[in-house]
Amino acid sequence: MDSFPISAELLKLRGGGQAMFHARAAAVGAPHFGRRVFIRGVVEVSNFCRENCAYCGMRRDNHSLARYRAQYDQLADLLIHHRPASVTDVNIQTGEDPVAVRQVVIPLIKALRRETPLGISVCLGTLNPRLYAELKAAGASIYILKFEMAVAKDYSRLEAPGTFHERLEHIRLLAREGWKVSSGFIVGLPGQTQRALLANFEVARLLPLAGCSVSPFIPGEATPLAHAPIGDIDVTLNCMAMLRLLRPDWVIPAVSALNLAGPGSGYRRGLRTGANLVTMNLTPPDMRADYLLYKRDRYIMTEERILSAIAAEGLKASKQSLASFYRAREIRRPAVASAVAEVAV
Ligand code: SF4
């Protein structure tokens, strides 16, 4: 279903009307996911980045950042032997750093595939098709590649990776190659018009995605946008609800930046819009401070915080990994399609 009419009026909802709209959004996801929420651990392998996005503290022009690449052994031991029990999937994330992909990420995926039942996602930026194939052969199945914003002119003004059209082409290529692709966009980027914000839904709708995130803009330290205002939490949440109504079957995360845009309640309100994926940061604490997407004083979602937010919203942590959920859905869909075809005959 992708016929939900996106409208500027919905961005303005507040108070009781907003709560009802969010509840309506959460209800349409239930037939697809029940009340379960997937819990994905994230490890940040490298903060080297060859890109220069104006909205990100890891941009290559940020010379104040101590750059690191994690050691394979340290991360493998952590994820194989010491991960929290509720984590069913892991997302391996880097700045755009093909060296780290070859030296650390691919061996790590192979080890996780051999030693654990974890579903494996990667968020590594735009790479070449050969590297995508190597990552997939190693055992990853979900690729996170955000298109960030819907207007090519803004994309180039904010120095996002490559060109907007290349970014979309990479998303399509990954989907064609059998990846489950999750994308995402940012709400409240400096200079973003209402029209540009709404255009994100059209871009997302036309892409071959399995999931999509909505993140509030957070002004990153040591970036050209450091003094710009933070993205509005209510607009962000209304966008999450609109996205859920547009695509009830997509996996939509409650991103940790909701805690920064809406301190105290943003994250739980995100779950109330029908978000069904949360991430737990497993990066060793000595490296975490330099993985500077936004600010050094990051609000870290620990297992305890995540489980208590899920329980408080009357939701349940999924025991099935997201990767396995996608596989099962893939098997079910052709079966349903052939049953429908038989009935039609
Ligand atoms: S958003 Fe990603 S690609 Fe852009 S500078 Fe940050 S880490 Fe690099």
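This is a predicted model: local features need pLDDT of at least 70, side-chain atom pairs count only at pLDDT 80 or more; totals for chains, interfaces and linings use all residues.
Residues are numbered from 1 along each chain as its sequence is written, and side-chain values use heavy atoms, with hydrogens and water left out.

**Overall build**

- The protein chain has 14 helices and eight strands; helices (H or I, at least four residues) and strands (E, at least two) are DSSP runs, numbered from the N terminus.
- Its radius of gyration is 19 Å, which agrees with the value near 20 Å that a compact globule of 345 residues would have; the radius is taken over C-alpha atoms, and the globule rule is 2.2 Å times the number of residues to the power 0.38.
- Along the principal axes, the C-alpha atoms of the protein chain fill a box of roughly 55 × 45 × 40 Å.
- Of the 345 residues in the protein chain, 57% are buried; buried means under 20% relative accessible area, exposed over 50%, and partly exposed in between (1.4 Å probe, protein chains only).
- Taking contacts between residues at least 6 apart in sequence, 77% join residues at least 24 apart, where contact means heavy atoms within 4.5 Å.

- Strand E3 covers residues 119-123, and five of its five residues are buried.
- On one side of E3 sit Gly119, Ser121 and Cys123, and on the other Ile120 and Val122.
- Strand E2 (residues 89-94) runs parallel to E3 and is joined to it by five bridges; two strands pair if DSSP finds at least two bridges between them.
- The chain goes from E2 through helix H4 (residues 98-115) to E3 in a right-handed β-α-β crossover; right-handed means that, with the strands pointing away from the viewer, the path from the first strand over the helix to the second runs clockwise.
- E3 and E4 also run parallel, joined by two bridges, and valine 122 has tyrosine 143 in E4 as its bridge partner.
- From E3 the chain crosses through helix H5 (residues 129-138) to E4, again with a right-handed β-α-β crossover.

**Strand E6 and its partner**

- In strand E6 (residues 211-216), six of its six residues are buried.
- Strand E5 (residues 180-187) pairs with E6 in the parallel sense over six bridges, and serine 183 stands opposite cysteine 212 in E6.
- Helix H8 (residues 194-206) lies on the path from E5 to E6, and this β-α-β crossover is right-handed.

**Three loop residues**

- Aspartate 249 lies in the loop between helix H9 (233-246) and helix H10 (258-261), and it counts as buried because its relative accessibility is 9%.
- Leaving aside neighbours within four places in sequence, the contacts of aspartate 249 include His32, Arg244 and Arg329.
- Glutamate 148, in the loop between strand E4 (142-144) and helix H6 (152-157), has a positive phi of about 70° although it is not a glycine.
- Alanine 222, in the loop between E6 and H9, has a positive phi near 55° and is partly exposed, with a relative accessible area of 42%.

**Around the ligand**

- The ligand is surrounded by Cys49, Glu51, Cys53, Cys56, Met58, Arg59, Gly95 and Pro161, with near meaning a heavy atom within 4 Å.
- This shell divides into five nonpolar, one polar and two charged residues; Ala, Val, Leu, Ile, Met, Phe, Trp, Tyr, Cys and Pro count as nonpolar, Asp, Glu, Lys and Arg as charged, and the others, Gly among them, as polar.
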